[in-house]
Amino acid sequence: MPKAVILAAGRGTRMQDAAGDLPKAMIPLAGKPMLEHILHRLSSAGFTDVALVVGHRAGAIESHFASYPLQLTFFRQTELNGTAPALLLARGFVGNHPFLLTFGDILTSVDDYRRMWSRLTADPHAVARRRPQTRDRPA
């Protein structure tokens with residue numbers, strides 16, 4: 001079963017005008033939080049198990065997605081001390097298996113998630129990444 005880890009602990013200080021006191025991943029786009037678009041796209045791409053590393057206003061994310069129709073596991077990054085420490089919180093979740101790492105403020109297409117997963121499973125030492133595009137829009 002494909003697993004993904006989403007890092008969504010940040011404060012979004014550079015986006016404070018749009019976010020206010022919301023976690024950056026909860027900024028609304030097309031009527032839904034950005035993170036909801038990401039989870040929907042991961043689910044549509046076949047991911048069945050997702051870890052969310054949350055931090056700033058973690059409770060807002062956890063309560064919003066408490067009954068989301070995808071297997072979610074939450075990890076709290078109590079000290080916002082970087083990407084590597086955030087990912088380490090989910091090491092037991094991923095074990096020794098391939099997983100997709102993404103961020104709670106980056107939108108990509110369902111097809112891109114599928115292509116990345118295909119590349120990762122074809123070569124366990126692969127790193128799959130996508131060049132940012134400015135034309136992406138929430139589905």
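**Close-up views of a predicted model**

**View A. Ser44 counts as partly exposed, at 32% relative accessibility.** The model is predicted: local features need pLDDT of at least 70 and side-chain atom pairs count only at pLDDT 80 or more, whereas totals for chains, interfaces and linings use all residues. Residues are numbered from 1 along each chain as its sequence is written, and side-chain values use heavy atoms, with hydrogens and water left out. Relative accessible area under 20% is called buried, over 50% exposed, and in between partly exposed (1.4 Å probe, protein chains only). Ser44 belongs to helix 2 (residues 34-44). Helices (H or I, at least four residues) and strands (E, at least two) are DSSP runs, numbered from the N terminus. Beyond its neighbours within four places in sequence, Ser44 is in contact (heavy atoms within 4.5 Å) with Val110 and Arg114. The C-alpha atoms of Ser44 and Val110 are 6.4 Å apart, although 66 residues separate the two along the chain.

**View B. Helix 2 is mostly covered, with 8 of its 11 residues buried.** The buried residues are Met34, Leu35, Glu36, His37, Ile38, Leu39, Arg41 and Leu42. After helix 2 comes Gly46, which has a positive phi near 105 degrees.

**View C. The largest nonpolar core has 28 residues.** A nonpolar core is a set of buried Ala, Val, Leu, Ile, Met, Phe, Trp, Tyr and Cys residues joined through side-chain atoms within 4.5 Å. Ile6, Leu39, Leu42 and Leu100 touch the most other members of this core. Two or more residues each come from strand 1 (3-8), helix 2, strand 4 (49-54), helix 3 (58-64) and helix 6 (110-122). Helix 2 gives the largest share, 5 residues. Setting aside residues up to four places away in sequence, Leu42 touches Ala4, Ile6, Phe47, Val50, Leu100 and Tyr113. Another core, of 9 residues, lies apart from the largest one and includes Leu7, Phe75, Ala86 and Ala90.

**View D. Thr102 is buried, with a relative accessible area of 7%.** The residue is in strand 6 (residues 100-103). Residues up to four places away in sequence are not counted here, and Thr102 touches Val5, Ile6, Leu7 and Tyr113.

**View E. The chain has 3 aromatic pairs.** Rings of Phe, Tyr and Trp (its six-membered ring) pair if their centres lie within 6.5 Å; planes under 30 degrees apart count as stacked, over 60 as edge-to-face and the rest as tilted. Phe65 and Tyr68 form an edge-to-face pair, because their ring centres are 5.6 Å apart and their planes are at 70 degrees. Both Phe65 and Tyr68 are buried. The pair of Phe75 and Phe93 is also edge-to-face, with centres 6.4 Å apart and planes at 70 degrees. Phe75 is in strand 5 (residues 71-76) and Phe93 in helix 5 (residues 91-94), so this pair ties together parts that are 18 residues apart in sequence.

**View F. The charged end of Lys3 sits over the ring of Phe93.** A charge sits over a ring if NZ of Lys or CZ of Arg is within 6 Å of the ring centre and within 35 degrees of the ring normal. For Lys3 the distance to the centre of the Phe93 ring is 4.6 Å. Phe93 is buried, at a relative accessible area of 10%.
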